[in-house]
Amino acid sequence: MVQFLVKRLIGLVFVILAVTFITFIFGYLAPGDPIRALLGQHQDPVLYAQLKHQYGLDLPWYQQYWNFLSGLFHLDFGYSFHTQGRPVSEIILQGIPASTELGIWALTLTLLLGIPTGIVAALKANTWLDTLIMGTSLIFWALPAFILAIFAQVLIVWLDKVTGYPWPVANWGTVWSYNWSDIQYKIVPVIIFAALGFAFYARLTRTTMLEVLRQDYVRTARAKGLHEGAVVYRHAFRNTLIPIMTVLGLAIGTIVAGAFFIEQIFNIPGIGSAGLQAVTDRDYPVIQATTVLFATCVVSGNLLSDIFYTLVDPRIKAE
């Protein structure tokens, strides 16, 4: 297992390096001049040259890329183009707590609702309950995140007018604080984020569970007179977990990355919101930092999936 993990870690390092190079080249070749955009109407040639030298943009591309890599090893992503003099690492660190909180609660709610619902749908296959569950999940799966978020905000505004009870439409409240006023800010974004994952996990669990329930060992367990709960959860569900763990590792790895559109629509001060704002501002250092962070989370999630395999099913060998 140790040898396997070492090999995977080496491979993940090369993947992250490839992501850094692609991200850097896209930023380097992007049209426009970020320094001129920063100066706006004050196009002073002397100040322009000073800022370009300050950000290292007067160097050859390979030297800029090497400086970018050197900074990554020290967790130094440089300085923001849009907010002059502000370190990018400060922007990223400021957004991590809100994105992490949103991701953890949404993933928890997704698993608590999606997996049991998928099991029920599989056990009641081809009944009205199965049709209702799968139809609902298909609706959530088909609708984009920003559509659900905007619809939720419109519904909140309508309920505010009808009931006269004010409910916050946006913002996040205090991070990791759960008094009633903070919960009001957080509950709707968490539900919207969880609804997308619920649809996926419910459908995946149902499909996998139906396949497992048709296996010979399940029929044998029932023929031996085992209780239905033991057949479902001790024998069938354990094998159902294998494909679920594939996506669960990725989901855990991308918790910090957050939900870009949900954070932007609900004005949540997370990494996703900072990344989208950086695209609008042509703030390439922030874009590069968020992309590298997201790539690191994804490859770490892949590694977690491989580890989960061996925990769920000992028959799966590392090699």
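How many salt bridges does a search of the whole structure find? The search finds 5. The model is a predicted one. Notes on three of these salt bridges, a helix crossing and a surface patch follow.

1. **The pair between H5 and H8.** Glutamate 101 and lysine 186 form a salt bridge, with their closest N and O atoms 2.9 Å apart. Glutamate 101 sits in helix H5 (residues 88-123) and lysine 186 in helix H8, so this contact ties together parts that are 85 residues apart in sequence.

2. **Burial of that pair.** Are its two partners buried or exposed? Glutamate 101 has a relative accessible area of 0%, so it is buried. Lysine 186 has 5% relative accessibility and therefore also counts as buried. The cut-off for buried is under 20%.

3. **Arginine 86 and glutamate 90.** These side chains meet in a salt bridge, at 3.1 Å from N to O. Glutamate 90 is partly exposed, at 41% relative accessibility. Arginine 86 is partly exposed as well, at 24%.

4. **Arginine 222 and glutamate 228.** Here the closest N and O atoms of the salt bridge are 2.8 Å apart. Arginine 222 has a relative accessible area of 35%, which makes it partly exposed. Glutamate 228 falls in the partly exposed class too, at 38% relative accessibility.

5. **H6 against H8.** Helix H8 spans residues 180-213, and helix H6 spans residues 128-142. Their axes come within 8 Å and cross at roughly 135°. The crossing in which H6 passes H8 is left-handed.

6. **A nonpolar surface patch.** Which residues form it? They are Phe21, Ile22, Phe26, Tyr28, Leu29, Trp61 and Tyr62. Together they have about 780 Å² of accessible area. Two elements give two or more residues each: helix H1 (2-29) and helix H4 (61-73). H1 gives the most, with 5 residues.

7. **Leucine 29 in the patch.** This member of the patch lies in helix H1. Is leucine 29 buried or exposed? Its relative accessibility is 60%, so leucine 29 counts as exposed. The cut-off for exposed is over 50%.

Note on methods: Residues numbered from 1 in each chain as written. Predicted model: local features only at pLDDT ≥ 70, side-chain atom pairs only at ≥ 80, totals over all residues. Heavy atoms only, no water. Patch = residues over 30% accessible without salt bridge, like charges linked within 9 Å, V, L, I, M, F, W, Y side chains within 5 Å. Areas by Shrake-Rupley, 256 points an atom, 1.4 Å probe, with all protein chains shown as cover. Salt bridge = Lys/Arg side-chain N within 4 Å of Asp/Glu carboxyl O. Helix = DSSP H or I, 4+ residues; strand = E, 2+ residues; numbered from the N terminus. Buried < 20%, exposed > 50% of the residue type's maximum accessible area, 1.4 Å probe, protein only. Axes fitted to C-alpha atoms, helices over the stretch in contact; angles between N-to-C directions. Left-handed = near helix turned anticlockwise from the far one by under 90°.
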